[in-house]
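Visitor: I would like to learn how to read a few features of a structure. Please show me the case first.

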Amino acid sequence: MPKIADYDKNNYDYETYWSDKNVRRDYEDQAERIAIGRLLPRHGSWFCDLGAGFGRLFDTYENRFDHIILADYSLENMKKAKKRINPDGKKPGIYFFALNAYHLPFSNDSLDNIMSVRMLHHIEDPQTVIREIKRVLSVNGIFLLEYANKKHFWAVIKYFLGKGKINPFKKIPEAQGDLFYNFHPHHIHSLFHIESLAINKVLSVSNLRHKIFKKILPRTILLALESIFQVSLSPITFGPSIFIKTQKSGRVSDNRKPAIQLKDIVICPLCLESLAQCLPKTDNGEVKCGKCQSIYPIIDGIYDFRV
């Protein structure tokens, strides 16, 4: 069983990572928003932000999809996300899940669009996660993935200067600390090839993340250049963060009925039994699988399907 990056166990406050004014991560935040705006479809039915954290990127897809699922292994992050986005539960079509990316509680071909930003670097076995994402992705569905690029420009420079701990030319993933992986672009592309997910577009993101650029360039100039470089530098995967838009091919089943409610797509992550008859309509309680008898709590409107 792969190890899990558990923010709650370590009492890690992910929100403070982004609010640290000494580092100016607002540039990276805006750079990612530019990329998402370019890659996500304008309209869709069922969407999942896998690794949503505290809901930082919610406004980039809020008005694009009919049904939105925010998901993360961290229950505390999901609580923050719900408080930020839908505290009273009055916004329809928005759901919050604490889950394990290796065992998604969604039925086959159920989600039209899936996005995962800043999650893969915590994944010990990315091929299994990508295979699981493909399982729940609908035919012709879009999967947008961000990963930490071990072969970015500054990593190569540091390596040649003898200051880099990671060899950017090795194609195997390398850990930088506990459960923080950097990936070679060739390795990620090979995983998509194995799972038969077609790569439609690649963007190089956070190209000017180095503290020198943040210090000397105004934010507006940084972001204007970033917007240009995301496309122009993508062929050489220049940046430390790479966004890939992929698509699942296949034939749409004639018998497939569009999901209208959450109960139409939720399954037991252990035995894969449908939970359509088991989802209560309350913000607190539990979901009990009728087949394997597994119990999943509902805490303040958050479904806890972590296994």
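**Strands, rings and a patch**

Guide: Strand E11 pairs with strand E12 (residues 302–305) in the antiparallel sense, over 2 bridges. This is a predicted model, in which local features need pLDDT of at least 70 and side-chain atom pairs count only at pLDDT 80 or more, while totals for chains, interfaces and linings use all residues. Residues are numbered from 1 along each chain as its sequence is written, and side-chain values use heavy atoms, with hydrogens and water left out.

Visitor: What makes two strands pair?

Guide: DSSP has to find at least two bridges between them. Strands (E, at least two residues) and helices (H or I, at least four) are themselves DSSP runs, numbered from the N terminus. Here Ile 299 stands opposite Ile 302 in E12. E11 and E12 form a hairpin with 2 residues between them, and Asp 300 in that turn has a positive phi of about 50°.

Visitor: Which strand does E10 join, and by how many bridges?

Guide: E10 (residues 285–288) is joined to E11 by 4 bridges, and the two run antiparallel. Gly 285 stands opposite Ile 298 in E11. This hairpin has 6 residues between E10 and E11, with Gln 293 in the turn at a positive phi of about 70°.

Visitor: Which residues of E11 are on the covered face, and which on the uncovered one?

Guide: In E11 (residues 295–299), Tyr 296 and Ile 298 make the covered face, whereas Ile 295, Pro 297 and Ile 299 make the uncovered one. For single residues, buried means under 20% relative accessible area, exposed over 50%, and partly exposed in between (1.4 Å probe, protein chains only). Tyr 303, in strand E12, is buried at 12%. Tyr 303 and Lys 3 are 300 residues apart in sequence and 22 Å apart in space, C-alpha to C-alpha.

Visitor: How is a pair of aromatic rings described?

Guide: By the distance of the centres and the angle of the planes. Rings of Phe, Tyr and Trp (its six-membered ring) pair if their centres lie within 6.5 Å; planes under 30 degrees apart count as stacked, over 60 as edge-to-face and the rest as tilted. A search of the whole structure finds 24 aromatic pairs. One of them is Tyr 7 with Tyr 12, edge-to-face at 4.9 Å centre to centre and 85° between the planes. Tyr 7 is buried at 16% relative accessibility, and Tyr 12 is partly exposed at 38%.

Visitor: Why is the pair of Phe 47 and Tyr 61 called tilted?

Guide: Because the planes of Phe 47 and Tyr 61 are at 45°, with the ring centres 4.5 Å apart. Phe 47 lies in strand E1 (residues 44–50) and Tyr 61 in the loop between E1 and strand E2 (65–72), so the pair ties together parts 14 residues apart in sequence. Phe 47 is buried at 0%, and Tyr 61 is buried at 0%.

Visitor: Which residues form one aromatic cluster?

Guide: Tyr 7, Tyr 12, Tyr 14, Tyr 17, Trp 18 and Phe 54 do.

Visitor: What sits over the ring of Tyr 17?

Guide: A charge sits over a ring if NZ of Lys or CZ of Arg is within 6 Å of the ring centre and within 35 degrees of the ring normal. The charged end of Arg 25 sits over Tyr 17, 3.7 Å from the ring centre. Arg 306 lies over the face of Tyr 73, at 5.5 Å from the ring centre.
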